[in-house]
Amino acid sequence: ITVFPSGMGIPSMGIYSYELFKEYNVNNIIRIGTMGTYTDLKLKDVVLVTNSITNSNYGSFLCNYNNITAGSNNELNNIIETTANNINIKINDYLVKLFL
């Protein structure tokens with residue numbers, strides 16, 4: 001496991017993730033980001049995201065990926081959720097309630 005900053009924004013993450021997958025044969029990347037626009041979240045709240053949405057056209061320029069949504073890996077999310085439960089980290093269900 002390696003932890004490192006991915007820069008700010010999608011282009012920076014794109015560069016870092018490309019290098020990790022291409023040059024270092026990384027199998028999985030878990031991006032930890034901020035959600036500053038969600039005012040109901042408190043400092044240090046943890047949210048496990050299942051889908052993301054963007055208004056960026058980065059994906060279409062990089063690899064003709066024209067969707068604005070990206071789903072997470074369910075197997076990896078299950079590992080994260082299990083680990084969080086085992087070490088008593090509460091995962092916030094705010095977004096689940098928001099989108100249901």
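pLDDT is the predictor's confidence in each residue, on a scale from 0 to 100. This is a predicted model, in which local features need pLDDT of at least 70, side-chain atom pairs count only at pLDDT 80 or more, and totals for chains, interfaces and linings use all residues. Residues are numbered from 1 along each chain as its sequence is written, and side-chain values use heavy atoms, with hydrogens and water left out.

**Confidence and fold**

The protein has an average pLDDT of 75, and 70% of the residues score at least 70. Among its elements, helix H3 has the highest confidence, with a mean of 89, whereas H4 has the lowest, at 51. The secondary structure consists of 4 helices and 2 strands; helices (H or I, at least four residues) and strands (E, at least two) are DSSP runs, numbered from the N terminus. Read from the N terminus, the order of the elements is α-β-α-β-α-α.

**Contacts and surface**

Contact means heavy atoms within 4.5 Å. Of the contacts with a separation of 6 or more, 49% are between residues 24 or more positions apart. Buried residues make up 13% of the 100 residues, where buried means under 20% relative accessible area, exposed over 50%, and partly exposed in between (1.4 Å probe, protein chains only).

**Selected residues**

| Residue | Relative accessible area | Class |
|---|---|---|
| Gly-9 | 32% | partly exposed |
| Asn-77 | 10% | buried |
| Ile-87 | 53% | exposed |

Gly-9 is located in the segment before helix H1 (10–24). Its C-alpha is 9.7 Å from that of Ser-56, although Gly-9 and Ser-56 are 47 residues apart in sequence.

Asn-77 belongs to helix H3. Neighbours within four places in sequence aside, Asn-77 is in contact with Leu-48, Val-49, Thr-50 and Ser-72. Asn-77 counts as buried because its relative accessibility is 10%.

Ile-87 is in the loop between helix H3 (74–86) and helix H4 (94–99). Together with Val-46 and Ile-89, Ile-87 forms a nonpolar surface patch with about 240 Å² of accessible area in total. Patches are made of residues with over 30% relative accessible area and no salt bridge; like charges are joined within 9 Å, and nonpolar side chains (Val, Leu, Ile, Met, Phe, Trp, Tyr) within 5 Å. A salt bridge is a side-chain nitrogen of Lys or Arg within 4 Å of a carboxyl oxygen of Asp or Glu.

Note on methods
Areas by Shrake-Rupley, 256 points an atom, 1.4 Å probe, with all protein chains shown as cover.
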